[in-house]
Amino acid sequence: MTRPAAILMIFLAFMPAAHAATDMSVGDGLIRGDRIEPYELTWRQCAAQQEDWISQGTVTERLDLIGNGVVRHRQSTRRPDGIVSRAETFFDHTSFAPLRIDARVSRDGETVATRTLIFDEDGYTGVATRGDQSKPLAGLASRGMIHGAVMGLPLATIDYQADPVRFAASMVSFDGTYDVVATWSGKETLKVGESNVEAWLVDVEWHHRESGDVYPPGPDASGGRYWLVREPPAGVPYVLRYKTDTYAVEFTKGVCPAS
């Protein structure tokens, strides 16, 4: 072995080993959806434009236990231009596996479009309408994938992880499926009203299966970071904030303008 090679081997021997990811599947017990209690709360959302963050309206969520081991998650997004998007997603309470989505887009009280999706182990089927037109839907996003639009909720039920966690997720609005790696990267105390609340920081890296695109983790990258609260006090959400380099949704002031 040459001297440079020997030096390289010694250097590598003292480098810290990379953390191996823990593989998680929906229903394996790592997610504890039964820890989530009903709530109804509103967040601000905003988008980056050059040097400023511009308001994108509000997001209101409501979670109800409706029996037979099922929870109903209602999400309503109101944009400054008057467009209102509402989605009702039904989950298995314990595993948080998605079961069904009913979505509607309206403007000035008039329905513009609707969509209904039913999930099974192999994917989803459904129907979309716009005006008096309808078309059947089908895709690969399945009951075995975390619903990416509300991914912070099931992540908030997981114990703090020393190693990254890898799992499958979907974004049905883009008809995309992903391999996601979530890394618990620290803790931060945030002021929420009169309370100091400890949030766990979880950075997420998305690997788009269909295109091969990778969205790197962290609040200043396209993958983003969650601020999660394991046992929130009354009036405080499980997900305080989610932020990427171009988008943020938050409950407590930090990124988005107040109005």
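User: Buried means under 20% relative accessible area, exposed means over 50%, and partly exposed is whatever falls in between. With that in hand for this predicted model, is Tyr160 buried, exposed or partly exposed?
Analyst: Start with the number: the relative accessibility of Tyr160 is 31%. Tyr160 at 31% sits in between, so the label is partly exposed.

User: How are the rings of Tyr160 and Trp200 arranged?
Analyst: The whole structure holds eight aromatic pairs. For Tyr160 and Trp200, the ring centres are 5.1 Å apart and the planes are at 85 degrees. Planes over 60 degrees apart have their own name, so this pair is edge-to-face.

User: Which residue lies over the face of Tyr160?
Analyst: You're looking for a charged end above the ring, and there is one at 5.1 Å from the ring centre of Tyr160. Another charge sits over the ring of Trp227, 5.7 Å from its centre, and that one belongs to Arg225. Over Tyr160, though, the residue is Lys187.

User: Which residues form an aromatic cluster?
Analyst: Four residues come together here as one aromatic cluster. Their names are Tyr39, Trp43, Tyr238 and Phe251.

User: How far apart are the closest N and O atoms of Asp34 and Arg32?
Analyst: These two form a salt bridge, one of 15 in the count. Asp34 has a relative accessible area of 33%, so Asp34 is partly exposed. Arg32 is at 32%, so Arg32 is partly exposed too. Their closest N and O atoms are separated by 3.0 Å.

User: What is the N to O distance between Arg79 and Asp81?
Analyst: Arg79 is partly exposed at 39% relative accessibility, and Asp81 is partly exposed at 35%. Their side chains meet in a salt bridge, and N to O comes to 2.3 Å.

User: How many residues apart are Arg230 and Asp159?
Analyst: Their side chains meet in a salt bridge at 2.8 Å, N to O. Arg230 is in the loop between strand S15 (225-228) and strand S16 (239-243), while Asp159 is in the loop between H2 and S11. That links distant parts of the chain, and the gap in residues is 71.

User: How many residues does the largest nonpolar core have?
Analyst: Several elements give two or more residues to this core, including strand S2 (39-49), strand S3 (52-67) and strand S12 (176-192). Residues with the most contacts inside the core include Met151, Leu155 and Phe167. Beyond its neighbours within four places in sequence, Met151 touches, among others, Ile146, Val180 and Trp206. The residue count of the core is 36.

User: What is the radius of gyration of the protein?
Analyst: The protein has two helices and 17 strands. For 259 residues the globule rule gives 18 Å, and the computed value is close to that, so the protein is as compact as a globular protein of that length. That computed radius of gyration is 20 Å.

User: What percentage of the residues in the protein are buried?
Analyst: The protein has 259 residues, and the buried ones are counted against that total. Being buried requires a relative accessible area under 20%. The share that qualifies is 42%.

User: Which residues is Asp220 in contact with, leaving aside its neighbours within four places in sequence?
Analyst: Asp220 lies in the loop between strand S14 (214-215) and S15. At 66% relative accessibility, Asp220 counts as exposed. Lys187 is 17 Å away, C-alpha to C-alpha, and 33 residues apart in sequence. The contacts asked for are Lys243 and Asp245.

Technical notes:
Residues are numbered from 1 along each chain as its sequence is written. This is a predicted model: local features need pLDDT of at least 70, side-chain atom pairs count only at pLDDT 80 or more; totals for chains, interfaces and linings use all residues. Side-chain values use heavy atoms; hydrogens and water are left out. Rings of Phe, Tyr and Trp (its six-membered ring) pair if their centres lie within 6.5 Å; planes under 30 degrees apart count as stacked, over 60 as edge-to-face and the rest as tilted. Buried means under 20% relative accessible area, exposed over 50%, partly exposed in between (1.4 Å probe, protein chains only). A charge sits over a ring if NZ of Lys or CZ of Arg is within 6 Å of the ring centre and within 35 degrees of the ring normal. A salt bridge is a side-chain nitrogen of Lys or Arg within 4 Å of a carboxyl oxygen of Asp or Glu. Helices (H or I, at least four residues) and strands (E, at least two) are DSSP runs, numbered from the N terminus. A nonpolar core is a set of buried Ala, Val, Leu, Ile, Met, Phe, Trp, Tyr and Cys residues joined through side-chain atoms within 4.5 Å. Contact means heavy atoms within 4.5 Å. The radius of gyration is taken over C-alpha atoms; the globule rule is 2.2 Å times the number of residues to the power 0.38.
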